[in-house]
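Have a look at the model below.

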Amino acid sequence: MLQYILRRVVLMIPTLFVISLISFAIIQLPPGDFLSSYVATLRQQGEDIDAAQLAVLEEQYGLNQPIHVQYWKWISGILLRGDWGRSFEWGKPVSELIWDRIGVTMLISVLTLLLSWVIAIPAGVYAATHQYSFLDYFMSFISFAALGTPSFLVALIFLWIALAFFGVNISGLYSEEFVSAPWSMAKFLNMLSHIWLPVVILALDNTAAVIRTLRANLLDELNKPYVETARAKGLRETALIWKYPVRVALNPFFSTVGWTLAALVSGETLVSVVLSYQTSGPMLLRALTSQDMYLAGSFILLLSTLTVIGTLISDILLAWADPRIRMEG
Amino acid sequence: MATEEMQRPLDAEQPAVAPERIKAERAYVAPQWKLMYWRFRKHKLAVASVFVLAIFYFAVVFAEFVAPYDPEVFSTRYTLAPPTRIHIVDSQGQVRLPFVYGVKRERDPVTLRPLFVEDTSSIHPVRLFVPGTPYKLWGIIPAEVRLFGIDAPPEEQMVFLVGADRLGRDLFSRIVFGARISLTLGLVGVLLSLVFGIILGGISGYYGGVVDNIVQRVIEFIRSIPSIPLWMGLSAALPPNWPVIWVYFGITVILSLIGWTGLARVVRGRFLALREEDFVLAARLVGSSEMRIILRHMVPSFLSYIIATLTLAVPGMILAETGLSFIGLGLRAPAISWGVLLQEAQNLRSVALAPWVLAPGLAVVTSILAFNFLGDGLRDAADPYAR
């Protein structure tokens, strides 16, 4: 087991390296270096930056040096000193801005994953065991509708319905008095009372996808001889189905949980832009449009890294639960 | 010929059994495409989707003809005008061909909101193939006949199928022109992904071993990082002063850079399965070259799968473009795509006042569902010998 974990962790290093390269490339993509645009912004606001301070910054980020030196300065700053660079729009170090937003994004994504499984697994099993029943058709219909509607559109429709028919504005992750308050139990509870909306919206898509695939997989399994054998031996139907074919049919979901998590984090960024939630999405969008590149790059780096780590954790849990995986490596 | 003659008397004697037999015999001699067609025809939703998509792509090709107005023509008179009601019974209770009343803009004396009131004295019949404002089809061929419209010039009276936007432009015309970008971008993006997917998936599946391992790791890597933040970062880097057509291709390339992985997996899987088939071994034994084996023997047998997978990949592309344009990082006005049109709906006041600004979303949902059903049907038909 320990060997398996070690091997997975070592395999993760090249992945993380490539992620950091891509994030760095995105930081570098906009024309001109960020410092000159920073100076330009300051000048526009009527302030001026003195040459000495400029030189310090230039030295710190290695701006007049070749690109690999710049990359090294950037990544070693993150790894060794926890220095993610500065957000020029906010005038703060990036590390002060992103952690709680990233945390909420991850919380929403994981909750969504759990919620969609809680709904989809029983529903998919029901649909497969009661093929062509009314509920089966009904769930197929709902699934198709959910898969066809982009989640940001669902979010918009929710907002509109709440505003038009109930006269309430449901955008925002916190009630007004908590928006700029520091973290506290009250703020956390307040957030939990708002968080169900994005979770439900995001879960729709994934639930629909899981129901459809699980139904197809399980239908294949149910026709296999071992099910017949178990039935012939007199096993109770419920116990039989949940104990053998369902577990086989569920396997692909657990082994690709990393992809699902990536898709959910992805969807969350878009949905929270619509709902104007104080999570990664809107801040990343703003950073990108105002070319606040260290902030944007950090978001992309962190979101990807955390998704990869999430995958690793789920893989380890899976290997712990299923000896076959440990053997295959 | 002979079998037909023999079956005719049989038909007369046993009408209940004979058609079955004819069908079975026809199936033995039918070419593969015919079997696929028969299988496909059974999927009713997929067949319906073919018609829906045919209509959509007709509108894409002949947007200037289908749209009743120029998508850029605006008039403050029609700001957020609701869909024009099309009547068939006039105020005297007489049934007549479809027509619209003239619409006057007034203000609600209390809330000061604009109100659009029908003027029952002026009647404009809605007709097909009416001469409208002149246009140039594909920017070249001058014409003035539109698919439908009313006899009045737009300055006097307009007909809005789904309402007007904030600047008083006809939303239906804009959706039709938006389809031109949104629906083709999906196809171009998928074709581009196909090139990546076939090359990398094919290499991976055919050679196996180390190459396969590397390509598989790359695919796993790409799928395990969140795509939208990455797309956002890449498309934000497209220079803002690029012309629309460049941005269009830029976005397409960005989307396919990540979108090829699904296709590559399918291609690889098929390649792996086919490599072991007897007919491939036979071809190799008689001394066919590798290229000939791939192109002449393997590709035809998984082409149908590729087409089905391609169809199922289009919705993802459409969704991604719509999402990116919606948050302002994809195509930008003056380009018209469904995502750009939905930007209007970001303003909740607009949505509350004029829910029809969500209409482009309906177009998105319809096209995505149609592509999904079509892909399902094609996938079922892809292997007509199964079962």
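Q: In this predicted model, is B:Arg270 buried or exposed?
A: Count the neighbours. B:Arg270 has 21 other C-beta atoms within 10 Å. A residue with 20 or more counts as buried. So B:Arg270 is buried.

Q: Which helix of chain B holds B:Arg270?
A: Check the residue ranges. One helix of chain B runs over residues 244-275, and B:Arg270 is found in that stretch. The helix is H9 of chain B.

Q: How many Å apart in space are B:Arg270 and B:Leu187, C-alpha to C-alpha?
A: In sequence, B:Arg270 and B:Leu187 are 83 residues apart. In space, C-alpha to C-alpha, the value is 22 Å.

Q: Are H11(B) and H14(B) roughly parallel or roughly antiparallel?
A: Helix H11 (residues 290-326) and helix H14 (residues 359-382) of chain B cross at roughly 165°. Their axes come within 7 Å. Angles over 145 degrees count as roughly antiparallel. That makes H11(B) and H14(B) roughly antiparallel.

Q: Is the crossing of H11(B) and H14(B) left-handed or right-handed, and how many residues of the contact are nonpolar?
A: The crossing of H11(B) and H14(B) is left-handed. Residues that make the contact include B:Tyr305 and B:Leu312 of H11(B) and B:Phe371 and B:Arg379 of H14(B). In this contact of H11(B) with H14(B), six residues are polar and one is charged, while the nonpolar ones number 14.

Q: How many residues of helix H8 of chain B are buried?
A: Helix H8 of chain B covers residues 227-236. Among its buried residues are B:Pro229, B:Trp231 and B:Gly233. The helix is largely enclosed by the rest of the structure, because the buried count is 10 of the 10 residues.

Q: Which residues touch the most other members of the largest nonpolar core?
A: This core has 152 residues. Helix H5 (residues 94-129) of chain A gives the largest share, 14 residues. The residues that touch the most other members are A:Ala296, A:Phe299 and B:Trp231.

Q: Which residue of chain B does A:Phe299 touch, not counting residues up to four places away in sequence?
A: Sort the contacts of A:Phe299 by chain. In chain A they are A:Ile98, A:Ser280, A:Leu284 and A:Ala287. In chain B the contact is B:Pro229.

Q: What is the angle class of H8(A) to H12(A)?
A: Helix H8 (residues 185-222) and helix H12 (residues 257-275) of chain A pack at about 135°, with axes 10 Å apart. The crossing is right-handed. Contact residues include A:Leu197 of H8(A) and A:Leu264 of H12(A). The angle makes H8(A) and H12(A) oblique.

Key: Residues numbered from 1 in each chain as written. Chains lettered and ligands numbered in written order. Predicted model: local features only at pLDDT ≥ 70, side-chain atom pairs only at ≥ 80, totals over all residues. Core = buried A, V, L, I, M, F, W, Y, C linked by C-beta atoms within 7 Å. Buried ≥ 20, exposed ≤ 12 C-beta atoms within 10 Å, placed from the backbone. Helix = DSSP H or I, 4+ residues; strand = E, 2+ residues; numbered from the N terminus. Contact = placed C-beta atoms within 7 Å. Axes fitted to C-alpha atoms, helices over the stretch in contact; angles between N-to-C directions. Parallel < 35°, antiparallel > 145°, perpendicular 65-115°, else oblique. Left-handed = near helix turned anticlockwise from the far one by under 90°. Nonpolar A, V, L, I, M, F, W, Y, C, P; charged D, E, K, R; others polar.
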